[in-house]
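Here's a quick run of questions and answers on how the pieces of this model sit against each other. Have a look at the structure first.

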Amino acid sequence: MMEAIDLLLNTSLWAAVLRIATPLIFGVLGALLCERSGVLNLGIEGIMTMGAMVGWLTVYMGGDLWTGLLVAALSGGMMGLLHAMLTVPLGLSQHVSGLGITLFASSLSYYLYRLIVVVGDLPPTIEPFRPLDIPILSDIPGLGPILFSQTVPTYLALLSVVVMAYVLARTPLGLAIRMTGENPHAVEAQGLNPLRIRIGAVVAGSALMAVGGAFLTTAAFNSFFPEMVQGRGWICIALVVFASWRPGKALLGALLFAFFDAYQLRLQTVVEGVPYQLFLMAPYFLSIGALVLVARRAQVPEALMVPYRRGER
Amino acid sequence: MKLTTNRRQLIVGAAATLALPAYIRRANAADVTRVAGVHMSPVENAWNSRIHLAFQEAAASGLIEYEFSEGVAPTDYPRAMREYAEGGAQLVWGEAYAVEREAREVAGDYPDTAFLMGSSGGPEGDNFGVFGTRNHEAAYLAGMLAGKMSDSNVFGSVGGYPIPEVNLLINAFRMGVSEVNPDATFLNGFIGAWFDPARAKEAAMAQIDAGADILFGERIGTADAAQERGVKAIGSLIDYTPRYPGTVFANAIWNYGPTIEAIVEDINAGNAVGRDYTEYSFMSYGGNELIYVADDVPADAIPPMEAKQAAIQAGEWDVPINNDEPA
């Protein structure tokens with residue numbers, strides 16, 4: 001028991017929390033942006049896979065890591081555009097289109113990977129983002145190794161939370177996005193085009209999701225595997241509800257989930273006689289529990305999943 | 001005499017020329033076994049890659065003709081098996097773990113086709129053979145090397161799921177360590193996925209934080225953590241050393257070639273193939289082997305390991321099989 005508590009005081013646990021949370025932060029922000037404008041994007045799992053493949057491939061073909069992230073974002077944006085075209089102007093089922101995008105993007109990623117890359121028994125590697133040891137700051141006892149020895153995309157993820165929170169809450173653009181998710185008729189009455197706003201939000205949100213996927217292949221690991229996203233996208237969809245559609249809470253949710261995951265990986269090493277499945281289940285189980293508690297008070301965007309048709313009452 | 005060719009002769013001649021390679025192939029095909037592999041995962045996944053490579057080598061040596069499908073979903077799996085059986089494959093290779101009942105049904109419908117399947121169950125009938133994955137002997141020997149290399153005497157391992165083939169491998173590694181290092185303590189983590197290298201890496205990090213300085217990597221991603229933290233790792237199934245030089249000092253390699261040779265021999269001899277081919281993965285058949293970097297290993301660790309290896313190969317001693325989930 002003491003050992004389990006000791007683990008909590010170990011800085012490496014908290015550093016792992018940030019590493020594990022990074023792809024989730026990008027993913028949950030992306031999903032949140034889409035949903036705030038009124039579009040559910042279940043394409044996330046496939047878009048993250050696409051981002052993981054395209055980001056990696058760009059670097060493998062000679063681009064630098066930043067170009068990799070950028071191209072990954074573009075590829076995610078393209079998938080987002082497809083989802084947006086189907087669900088916004090055409091008003092098709094967002095569930096069906098989203099799941100279709102997931103199937104399509106996952107398969108397309110693997111197909112392109114197989115066409116372009118020759119793979120032996122081990123997939124080829126790239127030189128990934130390395131953890132930065134920020135001078136002076138990383139020497140601060142406790143906080144230093146946790147906060148200031150991460151890879152650059154982790155800082156980018158944290159920055160994105162701030163930017164997203166600011167844009168949504170404090171700018172006219174953010175107001176327009178939120179309003180489109182609540183009452184697109186009112187947006188139209190203001191002389192704005194809710195269809196364009198939704199398309200833009202879905203494209204930008206999907207780009208963020210793809211960057212989350214690219215983190216897996218350019219920082220957390222250095223090769224691509226077709227199944228490597230492993231449900232992280234679906235977790236993000238649940239985290240949006242947990243976060244009650246707010247960026248700050250989304251960060252909290254991602255960190256909480258990552259904490260359970262990092263902690264259970266460590267508990268497996270010190271606690272004996274407990275089936276490992278219980279530990280593996282813990283992050284999901286506790287997230288569902290938190291969801292039940294939090295989601296009751298969540299404020300769902302009024303027009304989420306309601307297609308907007310001009311002139312229709 | 002004037003040599004001319006009329007149109008009819010030209011067409012017949014051209015057709016004959018075009019058909020020639022096919023004719024030669026057919027004439028040769030008499031003693032070449034036609035094999036179809038139905039891979040549920042992509043063939044570059046570690047486990048499948050060993051089998052795929054062995055089939056390719058067998059094809060290159062003229063023993064078999066090999067065609068394959070990969071990434072076949074469980075729901076589609078029986079169809080793919082049937083298609084190859086209908087298409088005249090003499091041996092359909094596959095992995096029945098997720099489709100045990102369906103795979104056996106298909107085998108029952110094609111009694112003249114041989115089936116060889118990775119399976120958790122036993123063989124069935126005359127034509128449904130099974131095999132298990134065994135590179136535990138090499139893992140034991142790797143453990144004997146590792147046992148002498150640790151400063152902390154804490155040995156970690158990262159596995160996918162605790163299925164028997166994974167459990168017995170990790171347990172064999174531990175037995176090997178314990179034979180040369182009675183003070184050894186062990187850590188283990190399962191990640192609940194076959195392909196989540198980022199998570200395997202985190203699990204390995206957790207063990208390094210808990211003091212482990214040698215990790216047995218049943219899953220890819222383990223050695224990445226070892227490399228980043230400057231500790232040592234052991235690879236499984238395939239050779240990880242070129243990817244992690246200086247980090248992965250030993251690999252428990254699985255060779256599928258002996259299994260292929262055994263079943264092809266049975267097919268050619270007209271023997272029933274409804275039996276368990278697991279034994280051909282054992283070291284005495286060359287079915288698994290330890291490869292290691294001698295420069296990275298203390299010199300006094302090698303002779304006892306080699307003595308043990310000789311005893312295993314000679315059949316004088318067997319690595320115990322322990323399917324229990326490692327704690």
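Q: How far apart do the C-alpha centres of domain 1 of chain B and domain 2 of chain B lie?
A: This is a predicted model, where local features need pLDDT of at least 70, side-chain atom pairs count only at pLDDT 80 or more, and totals for chains, interfaces and linings use all residues. Residues are numbered from 1 along each chain as its sequence is written, with chains lettered from A and ligands numbered from 1 in the order in which they are written. The assignment (automatic or from a database) gives chain B domain 1 (32-131) and domain 2 (136-254 + 286-313). Their C-alpha centres are separated by 30 Å.

Q: How many residues does the contact take from domain 2 of chain B?
A: Contact here means C-beta atoms, placed from the backbone, within 7 Å. Domain 1 of chain B gives four residues, and domain 2 of chain B gives four.

Q: What average pLDDT does chain B have?
A: pLDDT is the predictor's confidence in each residue, from 0 to 100. In chain B, 91% of the residues score at least 70, and the average is 92.

Notes
Contact = placed C-beta atoms within 7 Å.
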